[in-house]
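This briefing concerns the structure displayed below. Please keep the sequence and the model in view while reading.

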Amino acid sequence: MKLNELRSKVRGTVVSPQESEYEVERRLYNSMIDKRPSLIVKCLGLQDVQHALEYAETLGLKVSVRGGGHGVSGSALVEGGLVIDLSRMNGVWVDPKEKTAIVQGGVVWGEFDREAQVFGLANPGGKVSTTGVAGFTLGSGIGWLSNKYGLACDNLLGAQVVTVDGRVLNVDEDNERELFWAIRGGGHSMAVVTSFKFRLHRVGPMVCGGLLIYPERYFQ
C-alpha cells in the first residue's frame with residue numbers, strides 16, 4: 001500500500017512531517033518527549049485503524065497507539081514509525097439502568113466523568129481529568145475510588161480490539177479470555193483497543209472531599 005492509497009482509504013487524517021500541522025499533532029502532555037514519527041494517522045473508526053496497521057506492515061514500520069497522550073513515558077509516539085491516533089474517537093455512551101458505559105479509545109477521564117455524572121455514576125478513573133482512559137486502564141489504573149471499587153481494569157467488562165493482523169475482536173470473560181486477561185493491566189502492546197465497556201458505580205453527583213485531621217491523643 002502506498003501513502004496516497006492510505007490517504008484515500010481512511011476517513012480520518014494522515015499527517016506526515018512535511019505538513020504544517022505535524023508539529024502540533026506530535027506534541028504530548030509531557031513536553032520533554034521529542035519523538036518524530038514518520039506518519040500520524042488520526043483515525044475516525046475501526047477501518048481507519050485496520051488500514052493504518054496494513055500500511056505499517058507493508059512498510060515494516062513500528063507502530064504506537066495514542067489515546068489521551070498523557071503518559072509521561074512518551075510511549076504514544078514512536079520514532080520513525082507510525083502513530084495510530086485515537087483522539088478523535090472520543091464517544092461515551094452511558095446505560096444508567098445497567099450501570100455500564102461504552103467508551104472509545106480516545107476519551108480522557110474528564111469527558112468520561114462528565115457523561116457518567118449526568119446519571120450520578122462513576123468509575124475508579126484517573127485523578128487528572130486529562131489522563132486518557134485507554135492508557136490508564138491498560139496499565140491497571142489507580143484512581144480516587146479505587147479503595148472502594150478497585151482498579152479501573154477491575155471494572156472493565158469487555159473491549160473491542162484490532163489485532164496486529166487487522167482482525168476485530170470483542171473480548172470479555174466469555175470471548176478471547178486470555179487476551180481480555182492481558183489487557184487488564186498488561187499494558188498497551190497486546191492490540192489496539194478501540195473501545196471499552198466499564199462497570200459504573202453510584203457516586204455523586206455531589207461529592208465532598210478534603211483532609212481528615214485527628215487530635216494528637218488518637219495516636220497515643
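Which residues does UniProt list for "domain: FAD-binding PCMH-type"? The unreviewed UniProt entry lists residues 33–203, and such annotations may be inferred rather than shown by experiment. This is a predicted model, in which local features need pLDDT of at least 70, side-chain atom pairs count only at pLDDT 80 or more, and totals for linings use all residues. Residues are numbered from 1 along each chain, and side-chain values use heavy atoms, without hydrogens and water.

**The annotated span**
- Residues 33–203 are 23% helix and 26% strand (DSSP runs of H or I, at least four residues, and of E, at least two).
- The end C-alpha atoms of this span lie 36 Å apart.

**The largest pocket**
- The largest pocket holds about 450 Å³ of space (on a 1 Å grid, an open set of points where a 1.4 Å probe fits, with protein on both sides within 12 Å along at least five of seven lines; lining residues have an atom within 4 Å of a point).
- It is lined by 22 residues, of which Gly71, Ser75, Gly135, Phe136 and His188 are the closest to its centre.
- Helix 5 gives the largest share of this lining, four residues.

**The largest nonpolar core**
- This core has 27 residues (buried Ala, Val, Leu, Ile, Met, Phe, Trp, Tyr and Cys joined through side-chain atoms within 4.5 Å; buried means under 20% relative accessible area with a 1.4 Å probe, protein chains only).
- Val103, Phe112, Val161, Val171 and Ile183 touch the most other members.
- Helix 5 also provides the largest share of this core, four residues.

Notes: Grid points are joined across faces, edges and corners, and a volume is the space filled by probe spheres set on the points. Buried means under 20% relative accessible area, exposed over 50%, partly exposed in between (1.4 Å probe, protein chains only).
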